[in-house]
Structures are given as C-alpha cells and as structure tokens.
Amino acid sequence: GWEWKDYCKETPETLNSTSQYAAFGACKTGYGGVIPGTGSPDANLDTLARTYAPAVAGRFVYSNYNITTAAFTLTYQVDTSISLPTQVWHYATRYPGGPNVSVSPPTALSVTQPSPTTLEFVPNTASTGQTVTITLTKKNQ
C-alpha cells in the first residue's frame with residue numbers, strides 16, 4: 001500500500017536493529033521527501049489530497065470527490081443525539097478563496113469553519129433521520 005512519512009529519526013541502536021521501527025517513525029521502509037519520479041512534495045499533495053468527511057454525525061449514505069473539478073458531495077442521515085459536528089476536511093489550495101458550500105435542504109445545517117481546512121456542520125432545522133447533502137465546489141464553478 002501507499003504510505004507517506006514526513007520524518008524519521010534513527011539512533012545507533014535502531015540502525016543496528018532488525019526492527020522496522022526507528023526512534024521516531026520507520027526509516028527503513030521509506031519516508032517523506034519526494035516520491036521518486038513525481039516532482040515536488042507539493043505536487044504530490046495536489047495530486048493525492050482529497051476532500052473527505054472524517055466525522056459524520058449520523059448514518060453515512062454517500063460520498064464522492066471529483067479529482068478533476070474538486071467537487072465534493074456528502075450525503076447522510078442526521079442523528080441529533082450526536083453532540084459532535086459533521087466535519088469536512090479540504091485541501092485549501094484546491095479551493096482558491098475557499099470553497100463554495102451548499103447544503104440541501106438549504107436550512108437543514110449550520111456551517112462554521114474552525115480552521116482554514118475544516119468545515120463543521122450541525123443541525124439547524126434538520127431532524128433525526130432526515131437526509132442531508134453537503135456539496136463543496138471551487139468558487140469559479
């Protein structure tokens with residue numbers, strides 16, 4: 001499988017060990033830097049980073065990310081007994097000026113942006129079991 005490790009640190013003990021583990025990370029299996037033949041680390045991030053929902057406050061129904069347009073869709077059934085928000089992480093450079101965010105039905109969820117790459121959604125008028133869809137697109141779409 002694919003892995004990305006930005007940093008590792010060896011000691012004399014770990015260098016002479018048969019273990020794959022270093023003092024920090026796993027240097028023997030490869031780490032960080034540029035994936036051979038692919039250019040800069042930033043180019044790799046542009047190619048590999050995807051918008052996704054690390055937390056869904058309800059029952060997941062559907063998610064899709066279009067690598068060409070950066071359009072992202074998440075559909076789920078709301079569970080108002082879950083006190084934590086639904087979170088959507090996005091790679092900021094894919095959405096210059098921030099993403100366009102839409103919710104269907106329009107008033108079902110309230111949205112906040114606690115960090116430049118994270119959006120959080122909590123029920124506004126949505127009730128438990130209601131199906132909602134969140135869509136992120138680039139500003140020019």
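A polar contact is a pair of N or O atoms within 3.5 Å; within protein, one must be able to donate a hydrogen and the other to accept it, and residues adjacent in sequence count only if both atoms are side-chain atoms. The legends below use this term and a few others.

This is a predicted model, in which local features need pLDDT of at least 70, side-chain atom pairs count only at pLDDT 80 or more, and totals for chains, interfaces and linings use all residues. Residues are numbered from 1 along each chain as its sequence is written, and side-chain values use heavy atoms, with hydrogens and water left out.

**View 1**
Helices (H or I, at least four residues) and strands (E, at least two) are DSSP runs, numbered from the N terminus. Along the sequence the pattern reads α-α-β-β-β-β-β-β-β-β. Of the 141 residues, 26% are buried. Buried means under 20% relative accessible area, exposed means over 50%, and partly exposed lies in between (1.4 Å probe, protein chains only). The accessible surface comes to about 8400 Å². Carbon and sulfur atoms hold 56% of that surface. Areas come from the Shrake-Rupley method with a 1.4 Å probe; for residues, only the protein chains shown count as cover. Contact means heavy atoms within 4.5 Å. Among contacts between residues at least 6 apart in sequence, 57% join residues at least 24 apart.

**View 2. Four strands form an open sheet.**
The strand order is β2-β3-β8-β5, with antiparallel pairing. Two strands pair if DSSP finds at least two bridges between them. The edge strands, β2 (58-65) and β5 (100-104), each pair on one side only. The twist averages 15 degrees from one strand to the next. For such angles, axes are lines fitted to C-alpha atoms (for helices, over the stretch in contact), and values run from 0 to 180 degrees between N-to-C directions. β5 and β8 share five bridges in the antiparallel sense. V103 stands opposite I134 in β8.

**View 3. The largest nonpolar core has 17 residues.**
A nonpolar core is a set of buried Ala, Val, Leu, Ile, Met, Phe, Trp, Tyr and Cys residues joined through side-chain atoms within 4.5 Å. F72, Y76, L109, F121, V132, I134 and L136 have the most contacts inside this core. The elements giving two or more residues are β3 (72-78), β7 (118-123) and β8 (131-137). β3 gives the most, with four residues. Beyond four places in sequence, the contacts of L109 include Y76, V103, F121, V132 and I134.

**View 4. T118 sits in strand β7.**
Is T118 buried or exposed? T118 counts as buried because its relative accessible area is 16%. The T118 side chain makes a polar contact with the side chain of S115 (3.1 Å). Leaving out residues up to four places away in sequence, T118 touches V88, W89, H90, T112 and Q113.

**View 5. Q130 lies in the loop between β7 and β8.**
Q130 is partly exposed, with a relative accessible area of 24%. Q130 and P105 are 25 residues apart along the chain, and their C-alpha atoms are separated by 9.6 Å. P105 is also one of the residues that Q130 touches, along with Y76, Q77, V78, A108 and T125, not counting residues up to four places away in sequence.

**View 6. T137 is found in strand β8.**
T137 counts as buried, at 19% relative accessibility. Which residues does T137 contact, leaving aside neighbours within four places in sequence? They are A71, Y95, P99 and N100.
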